[in-house]
Number of protein chains: 2
Amino acid sequence: MKKFVNDPRQFVAEMLKGVALANPDTLRYVPEYNLIMRADAPRADKVSVIQGSGSGHEPAHVMIVGKGMLDAACPGDVFAAPPMDYVLETSKLLATPKGVLHLINNYTGDRMAFDMGKEMAEAEGVQIKTVLVDDDVAVADSTFTIGRRGVAGNFFVIKVVGAAAEAGADIDELVRLGDKVNSVTRTMGMALTSCTPPAKGSPLFELGDDEMEIGVGIHGEPGRRREKLANADTIIDELLEAVVTDLPYERGDDVALMINGLGGTPIGELYLLYGRAHEQLEARGIHVRRNYVGEYCTSLDMAGASLTLVKLDDEIVKGLAAPAEIAIRTF
Amino acid sequence: MKKFVNDPRQFVAEMLKGVALANPDTLRYVPEYNLIMRADAPRADKVSVIQGSGSGHEPAHVMIVGKGMLDAACPGDVFAAPPMDYVLETSKLLATPKGVLHLINNYTGDRMAFDMGKEMAEAEGVQIKTVLVDDDVAVADSTFTIGRRGVAGNFFVIKVVGAAAEAGADIDELVRLGDKVNSVTRTMGMALTSCTPPAKGSPLFELGDDEMEIGVGIHGEPGRRREKLANADTIIDELLEAVVTDLPYERGDDVALMINGLGGTPIGELYLLYGRAHEQLEARGIHVRRNYVGEYCTSLDMAGASLTLVKLDDEIVKGLAAPAEIAIRTF
């Protein structure tokens, strides 16, 4: 296993410790619940926005806790939903008079943990509402999901909801906004390689040297089909066609375009994909008004990428353009 | 070859096209010279700061062109110095009454190209000065270098010099600042895996499943030695010891700490390394005042990392803290 790891069972804890040490003034780390939270949360004047999900998708979600983004993230182990008590304790710790919003990517394990955590926290007086993200067009149901999976499009829901929460919006308004962004966001991804969970020590699934998986899930779940490796343009055109025709996005639409790396793909390759996707969208009369190229929601060290489109309107653009401060400060 | 690529000979051009399409308002792309430049450059009121270097190290350098950073980058092909005429034409295009500063990572090919380009541009009336970066402590000379190699520490030189150039500093002041930052910056890296240049289509060098290369160069050059794979703490402790004892960094020093990913390593693993390095520095009485975790100078898809320290003073902190706007906008 070619990874930076000590005891694989401590992988998540050691990663979270690093995140906390890198952000002593802005974040607080509660090891008992894998909890990374804003140091200034909870704030009585705003709804707390929290995410759980499994680890292994960084920077989602522990590294996008910050002003204008998430108030807290309490991930489970690698590719595992958080235990229900993480959700409960996080919800209690983050409780404010304006309530707590759970953002949940649509996986059965996450939904169970959040549903149970919500019920128990509500019994202790915490007001909670939920937004579910299910942007992945690849498959109708999947290994870990009834309905569509939530993947990189989650970022846009967090960004817009986070900005509105920062501005003082109430919880019903945040639910409306989150549902709206999710409803105009579509993603599809593909894998060039498998990925290796630290505790497993070997690739999660096998993929031949001349094969790729189109529509792969972010936990290595099967996608639409396994194909012979193709060139970059062929791959991105296939992802784009699947995404564009799903909503559908139409001539005259303004969109945000995200090319998301899955963890093992260099940013140079992502920009190569971006160039092709941008040109193909413009050729369809769909205008790219905002772009996002880099790693947003990964699958450990998987080489691969996903493409996300968001249909823009003034309200969504306002949220995307609002300032945000996160744990990852590159420059 | 598991990469997003079409014709390997067009890899760099297609990547640069993507960078340009993603930044239509702020960058200008001149395909003839692989040139990415600020749309508002040259500006008569500032020195233009430019870098060349090979491609394959992204985000260095084409993706860190922007306000408060580089004014332009004109990279060569993957892992190849830019042709001399790229340097010449870039220097002429970026010429201002205050001059042009060449930032060069210390590789023989880059130095030759920049020396010749400088001489020819000077003959055409462009004022040019040079800052050389050689922060890599791994080896005294190497495959492509007389003297130490320039690697990820280059970022800090660009950031501080770029901030001062933006504020109107003259060229001699920028040379002083650049040399100063370089003189207090030290880096060492290591590889878990090799990397695959698109045009080669296979790994650049062989590294066994149970091996790692300590002190590797960013073009896969040999480092200090090849060893059996070790755990994360052992690896980071070895990098830290080599870097700390080189300057040396001493008890009571304030430093910036960078954990730089080499292209194929997920950010979660980088934060795990960061946590250990931070704790070990504090145990030595060396205080981490600023941190940088992510990809700054990569080697295509190589799994691996480097550690950089910068000894801080008020002048350097001011430059590092100054605002900057670059092609990569993550959130």
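Mentor: Helices (H or I, at least four residues) and strands (E, at least two) are DSSP runs, numbered from the N terminus. This is a predicted model, in which local features need pLDDT of at least 70 and side-chain atom pairs count only at pLDDT 80 or more, while totals for chains, interfaces and linings use all residues. Residues are numbered from 1 along each chain as its sequence is written, chains are lettered from A and ligands numbered from 1 in the order in which they are written, and side-chain values use heavy atoms, with hydrogens and water left out.

Trainee: In what order do the six strands of the open sheet in chain B lie?

Mentor: The order is β9-β8-β7-β12-β10-β11 in chain B, with mixed pairing. At the edges are β9 (225–228) and β11 (287–294) of chain B, each of which pairs on one side only. From one strand to the next, the twist averages 20°; axes here are lines fitted to C-alpha atoms, for helices over the stretch in contact, and angles run from 0 to 180 degrees between N-to-C directions.

Trainee: How many bridges join β7 to β12 in chain B?

Mentor: Seven bridges join β7 (residues 185–191) of chain B to β12 (residues 304–311) of chain B, and these strands run antiparallel. In this pair, M188(B) stands opposite L307(B).

Trainee: Which strands does helix α4 of chain B touch?

Mentor: Helix α4 (residues 154–166) of chain B packs on the sheet and touches β10 (254–261), β11 and β12 of chain B; contact means heavy atoms within 4.5 Å. The direction of α4 makes about 120° with that of β10(B). Helix α6 (residues 232–244) of chain B also packs on the sheet, and its direction makes about 150° with that of β7(B).

Trainee: Turning to α5 of chain B, which of its residues are buried?

Mentor: They are I171(B), L174(B), V175(B), L177(B), G178(B), V181(B) and N182(B), where buried means under 20% relative accessible area (1.4 Å probe, protein chains only). They lie on the same side of α5(B), because they cover an arc of only 165° around the axis; the arc is that of the directions from the helix axis to the C-beta atoms.

Trainee: And what covers them?

Mentor: The cover includes β3 (48–51), β5 (100–105), β6 (128–133), α4, β7 and α8 (314–321) of chain B.

Trainee: Lastly, what rotation superposes chain A on chain B?

Mentor: A rotation of 180° with 0.0 Å of shift along its axis does so, with RMSD 0.0 Å; copies are superposed by least squares on the C-alpha atoms of residues with pLDDT of at least 70 in both. The two copies are therefore related as by a two-fold rotation axis. In chain A, the C-alpha nearest the axis belongs to G264(A), 2.2 Å from it.

Terms used:
Two strands pair if DSSP finds at least two bridges between them. Buried means under 20% relative accessible area, exposed over 50%, partly exposed in between (1.4 Å probe, protein chains only).
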